[in-house]
Amino acid sequence: MASRLFLLRHAKAGWALPGMRDFDRPLDASGIADASATGMAMHACGYVPDLTLCSNAVRARQTLEGIAAHADIGRTLFLDSLYSEDAAGYLRIIRESGAAGSLLVIGHNPMLEDLAMAIAVEGDDHARANLQAGFPTSGLAAIGFEESLERAGLGEGYLEAFLMPAEFQG
């Protein structure tokens, strides 16, 4: 594969306290553990992005911190737009950052699930079954492309793996 895209849904966050914006919700205890486990799984699988794009939402930033404690995440950019864009907006952002050979995007649902389903119509049977069952918090899709991510398009990715916390925490 010429390029690889990793799509990661932020880890599990607690409920918003009265007066708290959704954007500011922190990870709960299980989310903190899952973020750490995701980093260990990425390291074990040899998943090393050249560039990480992370939503500026507190739960996404905390997910990144948990992963970075165990895995190399490359250079990191924080984008408010990953909180508010739809799947088409995510794809535009990925294309704009596609000069990187591999890219990790830490974002939100339903955008990640919609995007993964739209770009990775082929792939490993087990991974596709997991993805089709839903994109849980801390879910990680590894999608390969024949060309640069600058040209990533609908139906052009191959779902290599779809990792879920229940699987990599054993």
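In what sense do β1 and strand β4 pair, and over how many bridges? They pair in the parallel sense, over six bridges. Here are some notes to go with the model.

1. **Ground rules.** This is a predicted model, in which local features need pLDDT of at least 70, side-chain atom pairs count only at pLDDT 80 or more, and totals for chains, interfaces and linings use all residues. Residues are numbered from 1 along each chain as its sequence is written, and side-chain values use heavy atoms, with hydrogens and water left out. Helices (H or I, at least four residues) and strands (E, at least two) are DSSP runs, numbered from the N terminus.

2. **The sheet.** Seven strands make up an open sheet with mixed pairing, and their order is β3-β2-β4-β1-β6-β7-β5. At its edges are β3 (75-79) and β5 (122-123), each of which pairs on one side only. Two strands are taken to pair if DSSP finds at least two bridges between them.

3. Five bridges link β6 to strand β7 (residues 158-163), and the two run antiparallel. A142 has A161 as its bridge partner in β7, while A141 stands opposite F162 of β7. Strand β7 is also paired with β5, in the parallel sense and over two bridges; there E122 stands opposite Y158 of β7.

4. **Burial of β6.** Strand β6 (residues 140-145) is mostly covered, with six of its six residues buried. Buried means under 20% relative accessible area, against over 50% for exposed and in between for partly exposed (1.4 Å probe, protein chains only). The cover extends to both faces: L140, A142 and G144 are buried on one side, and A141, I143 and F145 on the other.

5. **Helices across the sheet.** Helix α2 (residues 58-68) lies across β1, β2 (51-55), β3 and β4, and runs at about 145 degrees to β2. Helix α4 (residues 87-96) lies across β1, β2, β3 and β4 too, at about 145 degrees to β4. Axes are lines fitted to C-alpha atoms, for helices over the stretch in contact, and angles run from 0 to 180 degrees between N-to-C directions.

6. **α1 against α2.** Helix α1 (residues 29-45) packs on α2 at an angle of about 45 degrees, with the axes 7 Å apart. The two helices are therefore oblique to each other; on this scale, angles under 35 degrees are roughly parallel, over 145 roughly antiparallel, 65 to 115 roughly perpendicular and the rest oblique. The contact (heavy atoms within 4.5 Å) involves A35, S36, T38, G39 and M42 of α1 with T63, G66 and I67 of α2. By class, these are three nonpolar, five polar and no charged residues. For the classes, Ala, Val, Leu, Ile, Met, Phe, Trp, Tyr, Cys and Pro count as nonpolar, Asp, Glu, Lys and Arg as charged, and the others, Gly among them, as polar.

7. **A35 in detail.** Leaving aside residues up to four places away in sequence, A35 touches A11, L27, T63, G66, I67 and S138.

8. **α4 against α5.** The axes of α4 and α5 come within 8 Å and cross at roughly 70 degrees, so the two helices are roughly perpendicular to each other. The contact is formed by A87, Y90, L91 and I94 of α4 together with M111, L112, D114, L115 and I119 of α5. By class, there are eight nonpolar residues, no polar ones and one charged.

9. **Backbone spots to look at.** A cis peptide bond joins N109 and P110, with omega about 10 degrees; P110 is in the loop between β4 and α5 (111-119). S138 is not a glycine, yet has a positive phi of about 65 degrees. S138 is in the loop between α6 (125-132) and β6, and counts as buried because its relative accessibility is 1%.
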